[in-house]
Structure formats: structure tokens, C-alpha cells
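Me: I'd like to go through the labels used for this model and see what stands behind each one. Could you walk me through them?

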Amino acid sequence: MPDTSTMVEKSTTASPARIPSVPAARRPGVLASVIRNHPRMLWVVLPLATLSEAAEMLLPILLGLVIDRGIVGGNLTFTLVGAAVVIGLRLSGMMLWIYTFLESQKACMYERHRLRVGLTGAVLDPRSRRVRRPAGEVLSIATSDADKASDVLDMLPWGIPASIVILGATAWMAVQDIWLGAAMLLGIVVMVIVVRVITPTLSQRYDAQQTQAAEAAATATDLVHGLRVLQGLGVQARARAQYRKRSRVALEAALVNARYSGISSGLTTFVTGAMMAAVIVIATIRGLQGELGIGALIAVVGVARQVMGALQGLSNMPVWWASMSTSARRVRDLFADLGRTVDDPELTLDALSTARDDRGDGAGAAHGRRGGAGGLHLPDLDLSVADGTFVALACSDVRDSDAAIDAVSGHHDAGARVGERPISPAERAGLRADLLVEPHVVDLFDGSLREQLATRAPDGTATDGSDDAWAEAALHAAGAEDMLQILPDRFDSRILDRGSNLSGGQRQRIALARAVAADTPVMVLQDPTTAVDAVTEQHIAEALVAARRRTDRATLVVTRSPALLREADRVVYVRSGEVVAEGEHLALMDLDDYREMVQR
């Protein structure tokens with residue numbers, strides 16, 4: 001490693017690799033996965049549900065038989081036995097329906113939970129790819145779409161059995177009278193045609209509705225998170241107008257979808273009504289002609305009524321299928337964007353319920369402080385940050401800064417290492433105990449100040465409030481001691497989600513203090529002082545370097561801040577993806593372009 005007091009000219013090109021997207025042909029379908037997870041639904045629930053539907057359809061047939069042979073025929077025994085059979089069939093059908101309903105609802109609720117947890121786990125997993133989607137859209141997919149996709153288990157136990165029983169009823173009608181069967185069959189054929197024509201259009205309309213709703217949710221999320229800024233700028237009216245515009249577009253998409261759904265329901269209702277009318281007319285004519293007895297006529301009307309009810313329910317299939325299939329595709333695409341699949345074994349409920357953050361092999365002191373990890377190494381930049389050093393990386397182009405952060409974050413395999421361990425998408429989760437990368441855009445969570453700082457505190461840290469010396473040291477290193485005087489309850493003061501009750505500088509300093517409190521062997525910071533004034537920045541630079549300059553700690557800060565560059569042991573200057581010079585800050589100031597970058 002070159003001496004920190006000298007300036008060295010270098011030329012090394014960085015070329016980070018990219019992770020390919022999951023091809024669409026290789027993305028497992030969400031609906032297929034949901035059904036596959038419940039074989040009991042196919043082999044037990046569906047047959048029993050079919051028996052339940054068949055029992056309901058047999059009731060008018062048995063009732064007609066009892067009337068013709070028992071009551072009209074004057075056979076008391078047949079009448080009593082038939083009545084008992086009708087009652088038993090009704091009770092059996094009811095019990096079967098209750099069982100299949102409960103089983104389908106349990107399966108549906110389980111799948112909703114599985115998809116929601118799986119998506120959340122994929123989003124939070126550091127090995128997943130970053131997604132270029134608004135937070136509101138991700139939230140909409142992980143909740144609303146995950147729930148709708150799981151509804152396929154609610155549809156199967158009545159959709160398939162109802163279809164089978166309707167075909168059986170049509171065959172029975174044909175046995176009674178060929179024209180009755182023909183009327184039923186014609187109604188079913190027309191229904192299928194209507195469904196086939198309408199379903200693609202409904203899917204497109206529903207997709208548009210969900211997309212617009214997600215964009216409206218994303219806008220609302222952004223406005224809520226930036227509320228303090230909007231109030232400071234005095235542009236609340238413009239923000240409200242922007243959200244109203246987004247919401248209006250989402251409303252229009254929902255209304256269009258509702259209109260098409262209404263047209264679909266109207267057409268199918270007309271078809272079923274016409275079929276019912278035709279069956280009743282034909283049955284009445286046959287009854288008047290003496291070809292059908294009073295019991296058979298009652299049976300035909302009863303079966304037709306049952307079929308009409310079933311068809312009316314099936315008429316909503318285009319709407320339900322459009323919502324389920326569209327939501328399933330959105331869930332699948334989000335998994336794919338994250339580089340995961342719905343059947344990823346690491347995202348199962350069992351795996352996620354037992355998973356714990358990998359804190360390494362247990363090396364370090366008993367109280368949880370870990371020893372040195374061997375420093376940080378970026379071969380593409382020929383850059384090494386040894387234990388005990390504080391190195392600054394100054395990039396003339398923000399794209400070079402982002403590439404360096406991506407490399408050490410493990411979003412792709414750029415050859416970066418912690419000691420001898422590679423930083424890659426597959427290995428990054430196991431490095432969390434030894435490597436902390438704090439990006440420029442930080443998030444704070446709802447909770448007390450102490451809870452914020454204790455997010456990644458080493459095991460054994462007194463996070464219960466009995467001894468806050470560690471938290472005070474972290475605040476000092478981040479130049480945030482004044483927070484204890486500003487916040488009314490000191491460490492017990494509540495910080496709202498994303499620090500919405502703090503200024504930008506306060507959020508940034510608390511995030512920096514949280515990173516310092518983690519005390520990881522290797523820490524990487526990106527522009528940690530951009531939201532503070534020059535005096536505070538100088539104080540942070542001095543305190544941060546003092547806190548991290550330990551023999552078993554390595555620190556890399558990606559910054560253009562003169563205060564941090566001045567305090568660093570060594571500055572590495574990158575221009576156009578190449579390291580052109582390194583050394584102490586004052587020595588590098590002799591370079592015109594470096595000086596211009598710093599003073600910009």
C-alpha cells in the first residue's frame with residue numbers, strides 16, 4: 001500500500017458486472033404454485049364439493065320422484081322413505097358444503113399469508129436485487145395483489161364442481177326431453193362464448209386499474225414521507241393537486257373496469273334468463289301435452305332454477321379470473337425483479353420463521369464485539385482499506401460513487417472482498433456481521449431514539465436503557481449530541497417512520513450514529529454529511545475518524561466533503577472510472593481537477 005503522504009498516479013478501469021433478469025419463460029406461475037401447495041384441495045376438497053353440489057341438484061329430482069310415485073301414485077311408504085331421503089340428502093349436502101368451505105378458506109388465508117410474507121422476505125433479503133419501483137407500488141402488490149391471487153383457492157371448490165353438475169343436469173334434461181337438453185346446452189355454449197370474448201378485455205382493464213391504483217398509492221406515500229419538506233416550501237396545494245390528478249386517473253380506470261364488469265354480468269344474466277325461460281316454456285308445453293307428469297315438471301323447473309343460480313355464479317368468472325390472473329402476474333413479476341421466484345425455498349414460511357441474521361462464526365469477545373475482518377478490498381479500483389485505516393474515495397462522477405457502493409453492497413459480483421471473503425449476491429447476507437454499508441439515502445423506523453441506534457448494536461449491548469454510554473458515544477461520533485437536548489425524552493423520544501418529525505440533517509446524523517453504534521469491523525459510508533453545515537461537518541469528521549480509527553476497524557467513506565477528505569488517512573481520487581491519484585488531501589489539492597471537484 002502506498003505511503004499516505006505521497007500522491008500516486010494510477011489508471012485502473014472499473015467494470016461492474018450486472019445480474020441478468022429472470023427470463024419470463026422461467027418464471028413459475030403464482031396461481032400454479034398456489035394450487036400445487038394444496039394437493040388436498042384437488043384430491044379431497046374438490047370431490048367432496050362436487051358431491052355437495054350434486055346433492056343440491058338431486059333434491060328437486062328426488063322431490064319430483066316422490067310426488068309422482070308417492071303422493072300422486074298413492075304410495076305412502078314411498079312418500080315417507082322419499083321424504084327421509086330428501087331430508088338426509090339436504091343435511092349431507094349442507095355438511096359437505098360447510099366442510100369444503102372451511103377447508104378452502106383456510107387454504108386461501110394460508111396462501112395470502114405465504115405470498116405476503118414471501119414478498120416481504122424477498123424485499124428485505126440483502127441478496128435480492130434492488131427494484132426500481134415506488135414503495136407504494138411494492139406495498140400494493142405485496143398486500144392487495146397477493147390477496148387477490150390467493151382467491152383461486154376460494155374459486156376452485158365451487159367453480160369446477162358447479163360446472164360438472166351443470167353438465168350432469170343438462171344430460172338429465174336431455175333424458176327427460178331432447179328439446180329441454182338442447183335449450184340447456186345452447187345456453188351453456190352461449191355463456192362460454194361470452195366468457196371467452198370478455199375475459200381478455202377485463203384482464204386488460206383490471207391491469208390498468210391496478211397499475212393506476214399502485215401509482216396513486218406511490219404518490220401518496222411519497223407525499224406523506226416528504227410532508228415536512230412540502231410544508232417548508234409552502235407547496236401543499238400543488239402536492240394535493242398532484243395527488244388528486246393521480247387519484248382521478250385511478251378512479252377513471254376503476255370506473256371503466258366497473259363498466260366492463262357490468263356489461264359482462266348483464267350479458268351473462270341475459271343468457272341465463274333466456275335459457276331459464278326456454279326451459280320453463282318447453283317443460284310447460286310438455287306438461288300440458290301430458291308428456292311430463294306434475295312431479296317431473298316440478299323437478300325440471302327446480303333443476304333449471306338450480307342451474308340458473310350456478311350459471312349466474314359462474315357468470316362472474318371473467319371478472320374474478322381477470323383480477324386473480326392479473327394480480328398473480330404482478331406478484332410473479334415483482335418476485336422476478338427481485339431475482340427470486342414464488343417457489344424459492346429460502347422464502348417459504350418455515351425458512352423465514354426460523355431464519356436469523358447471520359452474525360458470522362462467533363469470533364470476537366464474549367460481549368459481542370467482533371475482531372478485525374481483514375479489511376476491505378476492491379480489485380477493480382486496486383483499492384484496499386486495511387484494518388486501522390480511514391480511507392476516503394473521492395469521485396468526480398456520481399456514477400463512479402454509485403458503482404463503488406454497488407460493488408461493496410454485493411448487488412453484483414465485482415470482485416470486492418472483506419478479508420478473503422467475496423462480496424457477492426450469494427454471500428452478502430453472511431457478511432452482515434462484519435460489513436455495514438450505509439448509503440446516502442437512509443431510512444429511520446418508527447420507535448425511540450435508543451431503538452434507532454440499537455438496530456444493529458452488537459450482542460451484549462445494554463439496549464434496555466440501563467447504560468446508554470454506547471449510545472452517547474455513537475451520537476458524539478455523528479456530531480448529534482445536541483439531539484439529547486432537543487428531544488424531550490432524550491433516548492426515549494419517539495422518532496416517526498422515516499424520521500418524518502426530524503430535519504434532514506438530524507435524520508442524517510442519527511443514521512450515521514446508528515452505523516457507528518453497530519461497530520462493524522468494516523464500514524462504508526456514502527456522503528454522510530451532505531445535510532449539515534460546515535461547522536457541524538468538521539466536528540463530525542473529527543469525531544467519526546477518532547471513533548473508527550482502531551487497529552481492528554476499517555472504514556471507507558465515499559465523499560467530496562473537504563472536512564472528511566482532510567481527516568482521512570488516505571484519499572483515492574477516481575475520474576471516469578479510473579483511479580488517477582491517491583494520497584493525502586492537501587497533496588491532492590495540487591491537482592487542478594481534484595481541487596475544482598472539492599471546491600464545487
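Me: Happy to start with sulfur: how many disulfides does the structure hold?

Reply: Zero disulfides are found; the term asks for a pair of cysteine sulfur atoms within 2.5 Å. Bear in mind that this is a predicted model, where local features need pLDDT of at least 70, side-chain atom pairs count only at pLDDT 80 or more, and totals for chains, interfaces and linings use all residues. Residues are numbered from 1 along each chain as its sequence is written, and side-chain values use heavy atoms, with hydrogens and water left out.

Me: Why does Cys108 count as buried?

Reply: Its relative accessibility is 1%, and buried means under 20% relative accessible area, exposed over 50%, partly exposed in between (1.4 Å probe, protein chains only). Cys395, at 2%, therefore counts as buried too.

Me: What makes Trp97 and Phe101 a stacked pair?

Reply: Their rings lie 5.1 Å centre to centre, with 10° between the planes. Rings of Phe, Tyr and Trp (its six-membered ring) pair if their centres lie within 6.5 Å; planes under 30 degrees apart count as stacked, over 60 as edge-to-face and the rest as tilted, so this pair is stacked. Trp97 is partly exposed because its relative accessibility is 46%, and Phe101 is partly exposed at 37%.
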